[in-house]
Structure formats: C-alpha cells, structure tokens
Amino acid sequence: MICNLRKVGIVSSGLTKFAKTEVSVESLMISSIKPIFDNTKNLSQTDIDVVLTSTNANEKYLASIVSELAGISPKISHSVESLCNSGTNCIVSAFSYISSGLADVALVTGAEKSNSPGLVLNWDKSRGQYRHPIYWSSLFTSSHMRKHGTKMEDLAYVSAKNHRNALDNPYSYFDRSYSFEEVMRSKNLTDNVRLLDCSMPCDGAASILLASEDVIQKFTEDPVWITGIGQRTLSAGFARSKNLSSMYSTSLASQDAYRMSHSSPSTIDVAEVHDAFSICEIMALEDLKLVEPGKAAEFVKNLHDTNNKKINPRGGLLGTGHPLGATGIAQTIESYQQLQGTAGKRQVEKAKTALIHNMSAAATSSTVLILQS
Amino acid sequence: MSRFEEELKNNNFVCSECSKCQKIVWPPSEYCNKCFSGVTWRQVSRNAILLEYSYENGECFCLAELEGQIRLVGKILEPNKLEIGQKLVLEKCDYDGSEKFIFKTIE
C-alpha cells in the first residue's frame, strides 16, 4: 500500500519547560520554535512550506497566527486536534505532505494550557457522570489486575521509575522525584488509582522541523528518519472497548508501524510510551509486543531496580507532565535525541531504533511512530 | 436538552435504533452508523450485565452492558459480593448536566 514515498527526516527541535504559567498558547509555541531557528544552519522562514499546530485549546486560526508571529508565509497551514495524540497525528500529517511531494520542509508545533478543554470528552454519553479519565483508568486497572494479577506495587514502580528518569530532563514539570514508597503512600483517588499514578496536566510546548530527503542535507548532516507510522481509531466512546485489559488500537497501530519500517519489537532500542496513568505503561508494553502479555509488571520492576532507561527515558507523561497537544511531539523529540546520541544523562547506549506510542481517550485511538538513525 | 437527555431526566433510558436494519446506535445519533437510515427512539431493557467495576471513596462505579451491546458507566448502589458477568438492573437514570446511571444488584 505504501510505495514511492520520499523519505522524511527530523532536522531539529525545540521545547519549553513544562510548568503552570500565564502565557498564551501561541506564545508557548513561539518559545519552542525559537530554538529551531537559533540552532538550524541555513534555515530561513522562506524555506518552510508547511506550518501545523497541535492543540486542544479553543484557539481559532492558530497555525496562521503562529506563522505570522514566526514570519513564515506557508503554502499549507492548519491545526490538528485529536485529544492526547494530537502531537503525533500532527507529525503524521506533516510527514504526508512531505513524502507525497506537496512540501519539502514542515514546522510542527504543539502546545497546551493546564486547563485544556481536551482533558474531558463531554461528547461521550456512555461515561455517564464518570467523565474524568481517572475512571476509565481505574476500570482498566481493575481489569488488568483481574486478568494478570497486577498489584498496586507494580503500578508504583512505573511511577517511581518515570519520576526518577524525569529528574534528568530539564524540561520536566517536576523538580523532584517520588520514590516507590512515596507513590505507595500517595492519596487514593479511586481504590486502584493514586494521585502519583496520574500524569499532571500542565502548560508546555514542543516543536519539530521535518524535511524531505531531497533538501535535508542543507540543514543537517545528521538526520533521524521517520520510517514507521501506524494510526488507528476504533471509536470515540470509552464503552466501545471490547477488552479493558489491553489497548487494541495500540496493538493495531504498532503492527502497521513495524511493518512499514521493516522492524519488529525485538529491534526497538528505546521507547516513549503513553503513561497517562501507571496502568497505561504496563498495558502499552504488552500491546506493543515489547513484552509478553502479563509480563510488563515484572519488566518494569526490573527497569526500576537496574536504573535502565529503555522505556520513557525523558520521564514519560507521569514524570514530565502532560500538556496534551505538546506531548506526542515532546515524545518524538526525546526519541530523536536518543538516536542522535544527544540525550545526555538520559542516553540509552547505541540506540538505533526508537518507538513512540501516543494515544487518546482510553486508547480509543493510538498512534505509533518508529524512528531510525 | 436533547430528546435523550429529556427522557433520562424522566428516568426513561431510551436509545436510537435504526428504522431499517434495527441496529442500536449508541451513543445516540440521528442516523444509523451501519446503513445511514434514520433512527427511532425506543425504550431500553433495564436488565444489565456487570463487565467491570472499581470504587471511589467507598462508592462503586462500573461498566455495565444492556441488551448485549449498550455499554455505559454508572454507579452501583449497595454493591455486595460483585462478580463479573452478574446481573444488574438499571434502577434509575437522570440528567443534570451530565448523564447519571444508577444500578442495583439482583439477588
């Protein structure tokens, strides 16, 4: 199905520190775009054919506003919104414009405010009065515990590991880590979801510059290529999920991404997975086939005990914070840095292939990207 | 308020059903999502099956299924020895800006 596509690579990136601020969405975006212009050789505004914005904010004409603020007159500009996987879906759109030949260079920028309207999906009547995401995560947790014997301790290792990884991420929301014991003692929101099992909505922005294989050498000698893409939406309503102990859209999206990139779970050196809640990392590892079903808890405990950063080296959503429209782009930036060998203290040695998993609304939709150096 | 919400407020749980192929369309919609024919509203059986549950501050919430296909999240009053697959009854529904579904267990 996929044939004669031009290769698309990542040229450079920019981030803002995740925080709670009074700054507007467009200002956050511009703050994360500035480093791209500061750090990319030979880049001028006239090189950029496409500007795409990723956010759940109710801002109108945002891609045009950001283009004006950045002095760009793009051929194509628009917003992409799909709740929590807006960021990677925005990258997929930019990839498509470039690979098809409609464009050579695309700027993708995502941002969110901590009070985003994307935090709750009011359309979903099936959620009744239980609209907040903690309720689906609690039902996922009940189901995974029932099927695989997962324990509260297993969930605490996810959060403690990711909070510790985030300490080495200068853009993280948190400026301290939380130990296994602190996660275990944190306040219960439901019987099986504690406060520290939840990612923190916050302000933040992330931007990434993509270019075609035909022009990329003008801007970098060291590109990272997007070689695999899978995106699958099964429904919008939570209650359509067939099986609450796994995320089927993630499984399907990853199969497409592995196939497109001619890779497999065993070739993944480093992965960013969408740990909106602790249970989500455990389920994602199983659905991405990085471990066998029911083995993720043991795998995560081992990562925690050995300080292995293979999964969520930047700290995941739990450790870094979750500005919805920026998250998928920030995950992609981490993977890009890992493959460039520029991730500093977070660096996974000899990483050649990276996977990004980004999902929305109880995994009714998932996006998986695979990057290769 | 939509028809669905008005009915909920009167403790009636109705759902859209395709007038041509009889498929239940849930969450409610104007058109069938299989054949795009128009829908009619009909009463839904109050008998439900428990699919999953958890607790918040001592209150039980659950995912339940009605008529083998309508799934929704609601509260279980007086939960006692819950088992997945057990029978529930939709005791009450309401609407006050959000939908409310309240179940009871059946002995």
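Student: How many residues of domain 1 of chain B are in contact with domain 2 of chain B?

Tutor: In this predicted model, twelve residues of domain 1 of chain B are in contact with 14 residues of domain 2 of chain B.

Student: What makes that "contact"?

Tutor: Heavy atoms have to come within 4.5 Å, so the twelve and the 14 are residues that pass this cut-off.

Student: And where do the two domains of chain B sit in the numbering?

Tutor: The domain assignment puts domain 1 at 3–43 and domain 2 at 47–105. Their C-alpha centres lie 20 Å apart.

Student: How much area do these two domains bury between them?

Tutor: About 1100 Å², with 64% of it on carbon and sulfur atoms. On the domain 1 side, B:Leu8, B:Phe13 and B:Trp26 supply 45% of the buried area, more than any other three residues.

Student: Why is the pair B:Arg42 and B:Glu67 called a salt bridge?

Tutor: Check the atoms. The rule asks for a side-chain nitrogen of Lys or Arg within 4 Å of a carboxyl oxygen of Asp or Glu. Here an Arg meets a Glu at 2.7 Å, N to O, so the pair qualifies. The count between domain 1 and domain 2 of chain B is one salt bridge.

Student: Which elements of chain B each give at least two residues to the side of domain 1 that touches domain 2?

Tutor: α1 (3–9) and β3 (39–43). The largest share, four residues, comes from α1(B). By class, that side has six nonpolar, three polar and three charged residues.

Student: Now the two chains. How many residues of chain A and chain B are in contact?

Tutor: 25 residues of chain A and 26 residues of chain B. The chains bury about 2200 Å² between them, 54% of it on carbon and sulfur atoms. A:Lys125, A:Gln129 and A:Tyr130 supply 29% of the area that chain A buries against chain B, more than any other three residues.

Student: Which element gives the largest share of the side of chain A that touches chain B?

Tutor: That's α4(A), with six residues. By class, this side of chain A has eight nonpolar, nine polar and eight charged residues.

Methods: Residues numbered from 1 in each chain as written. Chains lettered and ligands numbered in written order. Predicted model: local features only at pLDDT ≥ 70, side-chain atom pairs only at ≥ 80, totals over all residues. Heavy atoms only, no water. Buried area = accessible area lost by both parts, 1.4 Å probe. Nonpolar A, V, L, I, M, F, W, Y, C, P; charged D, E, K, R; others polar. Domains from an automatic or database assignment.
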